[in-house]
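I open this notebook page to record what I looked up, entry by entry, with the sequence and the model side by side.

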Amino acid sequence: MAAAPGAGDTSDGEGGRLPQPRDDLRELEGYHSPQLDVHVRLNTNESPYAPPVEFVDRWLGAVRDAELHRYPDRGAVSLRAAIAKQLDQPADRVFCANGSNEVLQTILLTYGGPGRNALIFEPTYALHSHIARITSTGVLDHERGDDFHIDVDAAVARVRAERPAVVFVCSPNNPTGTVEPQSTVRALVDAVAEHRGLLVVDEAYGEFADNTAIDLISDARPLVVVRTYSKVWSLAATRLGFCVAPPAIVAELEKVVLPYHLSVATQLAGTVALDFRDAMLERVAGLVEERGRVFAQLAARGDVEVFPSGANFILMRPHADSHTVWSALVERGVLVRDFSRWPRVEGCLRVTIGTPDENRAFLEALDGVLADMRGGS
Ligand code: PMP
């Protein structure tokens with residue numbers, strides 16, 4: 001019998017015939033961030049600190065009191081109001097979802113899709129292009145400069161030429177740590193406004209940097225700023241992210257996201273966490289200080305290139321085979337992220353800022369590894 005149009009070899013290992021995914025998804029590789037069981041894990045940019053014990057107690061108490069047999073508040077009204085208040089924004093400018101990845105997905109489901117493009121400044125966070133592909137949004141790559149900044153004139157010219165539905169700016173950028181000046185964000189939002197496109201600024205690491213595009217949000221500007229509880233709030237496990245956007249855009253996102261997508265436990269975690277803002281700011285300040293210390297020590301070595309960072313991680317390029325450096329670090333119990341074979345950041349490793357002890361362990365391990373490699377052992 002003839003195969004259905006578009007179907008390839010559908011045999012599974014046991015000789016059955018399973019359906020094929022959409023043609024445009026066939027070549028897609030899943031997102032991988034390998035985990036290894038090592039002592040010092042500095043590879044996924046989480047906070048090294050657990051949230052305060054009092055937070056956990058209050059959160060669990062609130063979950064215990066919740067009506068678990070009922071669906072959660074569909075509009076996440078209390079959570080949105082609390083986030084908005086903290087950012088000095090109106091509540092109708094806030095949209096929440098399960099991690100900022102789900103926020104990004106909802107944005108692309110709403111404003112991307114077949115026949116539309118997303119412009120992405122590479123190298124950057126892999127999920128921007130990945131989610132674009134999943135949502136059948138075309139991907140337009142634009143190169144960052146040698147220092148990983150966006151060349152604003154070239155970027156504006158590209159936006160005018162291609163008229164992408166969505167433009168992503170990641171700032172601080174993952175994996176480079178680069179922070180874009182507000183003037184770049186302003187120029188790009190003006191450029192997308194000319195053809196009624198949307199600028200999305202991914203600020204997953206925004207609290208570690210010294211500027212934010214949230215200041216530029218207004219009801220009439222096509223600008224969305226995405227943030228997360230995964231990093232600064234020490235709540236990666238709860239999966240909560242949000243964006244700040246004009247209310248008309250928030251209303252469109254609400255139409256697209258699945259009903260009751262945000263569990264009551266997640267909503268309560270997000271609301272209760274905000275009462276521990278001082279503790280969060282203290283953790284952020286400590287990590288920024290440690291970032292400065294790690295950066296200075298790496299820069300002083302002379303045998304690694306190190307890139308300035310406004311995030312809770314640092315990208316570096318050892319003057320030695322970096323994949324070998326990565327493996328030797330793992331042998332010494334330190335896991336960093338291996339970008340050695342990534343286009344545009346070839347030869348690079350990315351280290352998350354950890355506790356002072358973890359950072360010390362990393363710097364000592366690196367010292368030992370590079371000394372061994374110089375000695376040829
Ligand atoms: N944006 C960027 C730039 C990130 O690095 C990450 C996490 N690695 C995310 C978004 C997604 O974070 P989450 O879904 O945990 O909020």
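Before listing neighbours, I note that I take contact to mean heavy atoms within 4.5 Å, and that the model I am reading is a predicted one.

Entry on Y260. I located Y260 in the loop that runs between α7 (247-256) and α8 (264-273), and, leaving aside residues up to four places away in sequence, I found that Y260 touches Y71, P72 and R74.

Entry on α3 and α7. I looked up how helix α3 (residues 99-111) lies against α7, and their axes come within 9 Å and cross at roughly 95°, which makes α3 roughly perpendicular to α7. From α3, the residues T106, I107, L109, T110 and Y111 meet I249, E252, L253 and V256 of α7, and when I sorted this contact by class I had 6 nonpolar, 2 polar and 1 charged residues.

Entry on the ligand. I found 13 residues surrounding the ligand, and the closest are S100, Y205, T228, S230 and R239. For Y205, an N or O atom of the side chain is 2.6 Å from an oxygen atom of the ligand, and for T228 a polar side-chain atom lies 2.6 Å from a ligand oxygen atom. I also noted N174, where a polar side-chain atom lies 2.8 Å from an oxygen atom of the ligand.

Terms used
Residues are numbered from 1 along each chain as its sequence is written. This is a predicted model: local features need pLDDT of at least 70, side-chain atom pairs count only at pLDDT 80 or more; totals for chains, interfaces and linings use all residues. Side-chain values use heavy atoms; hydrogens and water are left out. Helices (H or I, at least four residues) and strands (E, at least two) are DSSP runs, numbered from the N terminus. Axes are lines fitted to C-alpha atoms, for helices over the stretch in contact, and angles run from 0 to 180 degrees between N-to-C directions. Angles under 35 degrees count as roughly parallel, over 145 as roughly antiparallel, 65 to 115 as roughly perpendicular and the rest as oblique. Ala, Val, Leu, Ile, Met, Phe, Trp, Tyr, Cys and Pro count as nonpolar, Asp, Glu, Lys and Arg as charged, and the others, Gly among them, as polar. A residue is near a molecule or strand if one of its heavy atoms lies within 4 Å of it. A polar contact is a pair of N or O atoms within 3.5 Å; within protein, one must be able to donate a hydrogen and the other to accept it, and residues adjacent in sequence count only if both atoms are side-chain atoms.
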